[in-house]
Amino acid sequence: GSMEKAGAAVQAQVLVVVATQDHMVNPTPALQMAEKSGFSVLRLTGNCGHMATSCESAKLISAVSAFLQ
């Protein structure tokens, strides 16, 4: 029933990836959940919006590789 309870129930390490210029999906709920739950966050800040994972793939690959280490 709450982000706090949901976040506390997660037993895994979590990396939340958001595109700050995304006009298809609002990144705010994911960022709020990450903040309340202590999840790691990667913010893609380019101008590609929802396609940021493609446009900023080098940044994404680097962050995911570091996260998995």
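Student: Which residue in β2 is the bridge partner of V17?

Tutor: In this predicted model, V17 has L42 of β2 as its bridge partner. The two strands involved are β1, residues 15-19, and β2, residues 40-44, and they pair in the parallel sense over five bridges.

Student: And what does V16 stand opposite in β2?

Tutor: V16 stands opposite V41 in β2.

Student: What is the overall pattern along the sequence?

Tutor: The chain reads α-β-α-β-α-α. In total, there are four helices and two strands.

Student: And what are the spans of the C-alpha trace along its principal axes?

Tutor: They come to about 35 × 30 × 10 Å. As for burial, 22% of the 69 residues of the chain count as buried.

Student: Let us turn to charges. How many salt bridges does the count come to?

Tutor: The count comes to one salt bridge. K36 forms this contact with E4, and the closest N and O atoms are 3.2 Å apart.

Student: Which parts of the chain does that pair tie together?

Tutor: K36 belongs to helix α2 and E4 to helix α1, residues 3-9, so the pair links parts that are 32 residues apart in sequence.

Student: Is E4 buried, exposed or partly exposed?

Tutor: E4 is partly exposed, as its relative accessible area is 43%.

Student: What about D22: where is it, and which side chain of opposite charge is nearest?

Tutor: D22 is placed in the loop between β1 and α2. D22 is buried but has no salt bridge, and the nearest side chain of opposite charge, that of R43, is 13 Å away.

Student: Then which backbone nitrogen does the side chain of D22 reach at 2.7 Å?

Tutor: That is the backbone nitrogen of M24. The backbone nitrogen of V25 also lies 3.0 Å from a polar atom of the D22 side chain.

Student: E56 next. Where does it lie?

Tutor: E56 lies in the loop between α3, residues 52-55, and α4, residues 57-68.

Student: How far away is the nearest side chain of opposite charge to E56?

Tutor: That side chain is K59, at 4.1 Å. E56 is buried and has no salt bridge; the cut-off for a salt bridge is 4 Å.

Student: Which backbone nitrogen lies 2.8 Å from a polar atom of the E56 side chain?

Tutor: It is the backbone nitrogen of G46.

Student: Changing topic: how many disulfides does a search of the whole structure find?

Tutor: The search finds one disulfide. C48 and C55 form this bond, with their sulfur atoms 2.1 Å apart.

Student: Left-handed or right-handed, and why?

Tutor: The disulfide of C48 and C55 is left-handed, because the torsion about its S-S bond is about -95 degrees.

Student: What about A52: where is its place, and is it buried or exposed?

Tutor: A52 sits in helix α3. At 1% relative accessibility, A52 counts as buried.

Student: How far apart in space are A52 and Q21?

Tutor: Their separation is 8.6 Å, C-alpha to C-alpha, while in sequence A52 and Q21 are 31 residues apart.

Technical notes: Residues are numbered from 1 along each chain as its sequence is written. This is a predicted model: local features need pLDDT of at least 70, side-chain atom pairs count only at pLDDT 80 or more; totals for chains, interfaces and linings use all residues. Side-chain values use heavy atoms; hydrogens and water are left out. A disulfide is a pair of cysteine sulfur atoms within 2.5 Å. Two strands pair if DSSP finds at least two bridges between them. Buried means under 20% relative accessible area, exposed over 50%, partly exposed in between (1.4 Å probe, protein chains only). Lys and Arg count as positive and Asp and Glu as negative; His and the chain ends are not counted. A polar contact is a pair of N or O atoms within 3.5 Å; within protein, one must be able to donate a hydrogen and the other to accept it, and residues adjacent in sequence count only if both atoms are side-chain atoms.
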